[in-house]
There are 2 protein chains.
Amino acid sequence: MSEMIKLTSNSLPLTKKGEKTRQHLLNIAEEVFGVKGYFNASIVDITQKANVAQGTFYNYFPSKQSIFEELVRNMSHTFRSEIRNAIKTASNFEESQRIGFRTFFSWVKNHRNLYSIVQQTVLVDEQLYRWYYERLASGYIKGLEEAIGKEEIKKYDSETIAYCLMGISQFLGMRWIYWEDKNVPDDLLEDAISLIFQGLSK
Amino acid sequence: MSEMIKLTSNSLPLTKKGEKTRQHLLNIAEEVFGVKGYFNASIVDITQKANVAQGTFYNYFPSKQSIFEELVRNMSHTFRSEIRNAIKTASNFEESQRIGFRTFFSWVKNHRNLYSIVQQTVLVDEQLYRWYYERLASGYIKGLEEAIGKEEIKKYDSETIAYCLMGISQFLGMRWIYWEDKNVPDDLLEDAISLIFQGLSK
């Protein structure tokens, strides 16, 4: 998969200004693909909204598909790295998971188009769709394995539990943030966390 | 939502032969939309594969969007009714959930395109996308409320737990059935069920 990323990402080193333009195009693409959808959106929709010349676009991305794919990877990297940083201070697994859920939800609250964009990926690039969830799973698995090693939680199959936690997080975010543009209410999040940690306890 | 269904579904009574043709078109649409995707698929793709005249198609569905929407509703009704029937014999909540998961997984194993079709719905008709999950949730909520009433499980917010269970079920099905065309392995399903029921226990 890392090879694919190399092939479709822009591999030229960018100036500071170039990096800024590239990120600006990605931010606009997030809005355009999220609202209009990949199949109805055009490169012109992106460049007009970004106030960038059509020719400039191609300095950064060879095609509509390439900017879409880079956007999915970019969003994935960004929120996973925010979660990794946020949970550094956690003193145990339960605390790290609670912080992880909250960090993800507050990131998604500012990037609600993530939901529609990830679901669209099933049609645009099925391999990338799988990559998105597998990368997310790998972070969960690492945390779960550590907690199992420290005997903080029951010895379940860590990949299975990772998919359970990802499912819970995606569905609560969908219900509250994507559909209603609200935060996941604290007491409801605590119900989910209690379900999980009572379920994981030894 | 029921009004929308009335408006877009074919409301003429069909002969037995007509009902058969309509179901045949839906079965073919399931394959075509699942494999080619809504935006790349045409009505001709469906009629050719179904060996049905173009004009005949319009006796049943006014447009590509209408057959897609009817397909989503049809799949949803079909597997939810299979699950309802299958869990009738269950003697307690845990048994009904285990049977429910298994019935859903074995249905999806024969209808793997469900995954892609539901995800595409986010672009085709966002209201229908939400309807799909809300209808699914209502079945879970009913079962959870009953089990809470009988004091079989802890008193959590039933809608929140419903979304947790739906997330778990969708993600395990995605991991094993949609991506790998395998059954969810029994021992892994038991890990998920143990997480859930230890989590739900009083």
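In this predicted model, B:R98 and B:E94 both belong to helix α6 of chain B, where they stand 4 residues apart, about one turn of the helix. The two side chains form a salt bridge, with their closest N and O atoms 3.4 Å apart. Side chains of opposite charge can pair when their charged atoms come close. B:R98 is partly exposed, because its relative accessibility is 22%. B:E94 also counts as partly exposed, with a relative accessible area of 32%. Helix α6 of chain B, residues 93-109, also holds B:Q97. B:Q97 is buried, because its relative accessibility is 10%. Leaving out residues up to four places away in sequence, B:Q97 touches B:Y140, B:L165 and B:F197.

Over all chains, the structure has 34 salt bridges. Between chain A and chain B the count is 4. One of the salt bridges joins the side chains of B:R175 and A:E159, at 2.7 Å from N to O. This pair crosses between chains, since B:R175 is in helix α9 of chain B and A:E159 is in helix α9 of chain A. B:R175 has a relative accessible area of 10%, so it is buried. A:E159 has a relative accessible area of 24% and is therefore partly exposed.

A salt bridge is also found between the side chains of A:R175 and B:E159, again at 2.7 Å from N to O. A:R175 lies in helix α9 of chain A and B:E159 in helix α9 of chain B, so this pair joins two chains. A:R175 is buried, at 10% relative accessibility, whereas B:E159 is partly exposed, with a relative accessible area of 23%. In chain B, the charged end of B:K64 sits over the ring of B:Y38, 4.4 Å from its centre.

The side chains of A:R130 and B:E180 meet in a salt bridge of 2.8 Å, N to O. How much of each chain takes part in the contact? The contact takes 44 residues from chain A and 44 residues from chain B. Together the two chains bury about 4100 Å² between them, and 67% of this is on carbon and sulfur atoms. A:F171, A:W179 and A:L195 supply 18% of the area that chain A buries against chain B, more than any other three residues. Across the interface there are 17 residue pairs in polar contact, both residues being at pLDDT 80 or more. On the side of chain A that touches chain B, at least two residues each come from α7 (113-124), α8 (126-149), α9 (158-180) and α10 (186-200) of chain A. The largest share of that side, 17 residues, comes from α9(A).

B:Q119 lies in helix α7 of chain B. Its relative accessibility is 2%, so B:Q119 counts as buried. Which residues is B:Q119 in contact with, leaving aside its neighbours within four places in sequence? They are A:Q119, A:V122 and A:Y129 in chain A, and B:Y129, B:Y133 and B:Q170 in chain B.

Aromatic rings come next. A pair of aromatic rings is described by the distance of the centres and the angle of the planes. The structure holds 35 aromatic pairs over all chains. One of them is the stacked pair of B:Y115 and B:Y178, at 5.4 Å centre to centre with 20° between the planes. B:Y115 is in helix α7 (residues 113-124) of chain B and B:Y178 in helix α9 (residues 158-180) of chain B, so this pair ties together parts that are 63 residues apart in sequence. Both B:Y115 and B:Y178 are buried. The pair of B:Y132 and B:Y133 is edge-to-face, at 4.9 Å centre to centre and 85° between the planes. B:Y132 and B:Y133 are buried as well. Ring pairs also link a cluster that includes A:F79, A:F101, A:W107 and A:Y129, along with B:F171.

A:Q48 is exposed, because its relative accessible area is 60%. The C-alpha atoms of A:Q48 and A:Y140 are separated by 39 Å, and the two residues are 92 residues apart along the chain.

Technical notes: Residues are numbered from 1 along each chain as its sequence is written. Chains are lettered from A and ligands numbered from 1 in the order in which they are written. This is a predicted model: local features need pLDDT of at least 70, side-chain atom pairs count only at pLDDT 80 or more; totals for chains, interfaces and linings use all residues. Side-chain values use heavy atoms; hydrogens and water are left out. Rings of Phe, Tyr and Trp (its six-membered ring) pair if their centres lie within 6.5 Å; planes under 30 degrees apart count as stacked, over 60 as edge-to-face and the rest as tilted. Buried means under 20% relative accessible area, exposed over 50%, partly exposed in between (1.4 Å probe, protein chains only). A charge sits over a ring if NZ of Lys or CZ of Arg is within 6 Å of the ring centre and within 35 degrees of the ring normal. Contact means heavy atoms within 4.5 Å. Buried area is the accessible area (1.4 Å probe) that two parts lose on being put together, summed over both. A polar contact is a pair of N or O atoms within 3.5 Å; within protein, one must be able to donate a hydrogen and the other to accept it, and residues adjacent in sequence count only if both atoms are side-chain atoms.
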